[in-house]
Amino acid sequence: MTDQYAVFGNPLGHTKSPQIHSSFAKKTNQDLEYTAIEASLNGFNTAIQKFRKAGGCGANITAPFKLEAFAMATDASERAKLAGAANTLLFDGERVFADMTDGVGLVNDLVKNLGISLTGKRILLVGAGGAARGAILPFINEKPSLLVLANRTPSKAHDIINACQHQDNIRACGLEELTEQSFDVVINATSASLTGQCPALPKSVFLEAEAAYELAYGKGLTPFLALAKNANVKVLADGVGMLVEQAAEAFSIWRNIRPETQEVIKTLKIPIE
Ligand code: NDP
């Protein structure tokens, strides 16, 4: 029987996950089917149980169910535990393993696809929602010289950093505290761009930056990327590569084989300028 996988979310809109995973499956000769299931807002658990009973092997989870997905797991990766959220579930009998592949997808896109080394660099990660939370551990693993998590509501950034083992080069702050600070890589992990807004960042953060990365994708030159462009930042990227890389990581957890990502990224990429 063909193995079944699905993405769960609400709304799912024009989710690209079925296209990405079908392409991975074809390229790696895996016999699987991947569908999109829009669960009702209070029906995530029921939808997952139904899927498991029908033989579902694994799932991707997107907004707003990542916290519920983590809560239903019998065991979880360290990065999912730190995020307190899961975007990937693996079903194995009674076992439900939870992982969070968004952060490692982001790091892989920056390092492998865009050629931006993070080791020894000053990194500014803006935002303290699920995406930023999931990215902290993968960024720490790259050994930056400084990692600053800045958020509009500073207490949320402090909560995340306090949950990490204390390291002097990892800090939390509010956006207004960034004045006169500069970074090598600036990442917008807020949802501001989804409504055409920009986090209130001082221009100083871009002055020495080699790259600016917007987690949202398919939005063209967002206000955040425009700010970076005005400050002559050379590498501007959106989150389409992250989307494909987090999917590749999930695929390898399910199938124990890592698919190539370049071709899929090329197919989905929309020029941002
Ligand atoms: P959350 O809703 O969990 O968090 C939203 C964050 O954005 C909060 O830190 C919030 O600050 C901040 N924010 C929202 N509006 C503004 C604003 N106008 N100015 C400053 N800060 C603002 O979202 P997620 O973490 O789940 O997602 C964040 C982004 O990442 C989205 O654009 C999403 O599409 C993208 N994403 C991309 C993925 C990919 O594969 N490319 C994967 C996952 C997410 P506060 O705490 O003060 O409210």
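**Figure 1. Arg-255 in helix 9 of the predicted model.** Arg-255 belongs to helix 9, which spans residues 240–255; helices (H or I, at least four residues) and strands (E, at least two) are DSSP runs, numbered from the N terminus. The model is a predicted one, in which local features need pLDDT of at least 70 and side-chain atom pairs count only at pLDDT 80 or more, while totals for chains, interfaces and linings use all residues. Residues are numbered from 1 along each chain as its sequence is written, and side-chain values use heavy atoms, with hydrogens and water left out. With a relative accessible area of 17%, Arg-255 is buried (under 20% relative accessible area, with exposed over 50% and partly exposed in between; 1.4 Å probe, protein chains only). Beyond residues up to four places away in sequence, Arg-255 touches Asp-3, Tyr-5, Gln-30, Asp-31 and Leu-32, where contact means heavy atoms within 4.5 Å.

**Figure 2. Gln-30 and its contact with Arg-255.** Gln-30 is located in the loop that lies between helix 1 (17–28) and strand 2 (32–38). The side chains of Gln-30 and Arg-255 are joined by a polar contact of 2.7 Å (a pair of N or O atoms within 3.5 Å; within protein, one must be able to donate a hydrogen and the other to accept it, and residues adjacent in sequence count only if both atoms are side-chain atoms). Apart from neighbours within four places in sequence, the residues in contact with Gln-30 are Ala-25, Phe-251, Arg-255 and Ile-257. A distance of 23 Å separates the C-alpha atoms of Gln-30 and Thr-62, which are 32 residues apart along the chain.

**Figure 3. Strand 9 and its pairing with strand 8.** In strand 9 (residues 170–174), 4 of the 5 residues are buried. Strand 8 (residues 146–151) pairs with strand 9 in the parallel sense over 5 bridges; pairing requires that DSSP finds at least two bridges between two strands. Ala-150 has Cys-173 of strand 9 as its bridge partner.

Figure 4. Among the 24 residues around the ligand, Ala-128, Ala-131, Asn-151, Thr-153 and Lys-156 come nearest; a residue is near if one of its heavy atoms lies within 4 Å. A polar side-chain atom of Arg-152 lies 2.9 Å from a ligand oxygen atom. For Gly-130, a backbone N or O atom is 3.1 Å from an oxygen atom of the ligand. For Leu-215, a backbone N or O atom is 3.0 Å from a nitrogen atom of the ligand. Helix 6 (130–141) and helix 9 are the elements that give two or more residues to the shell around the ligand.
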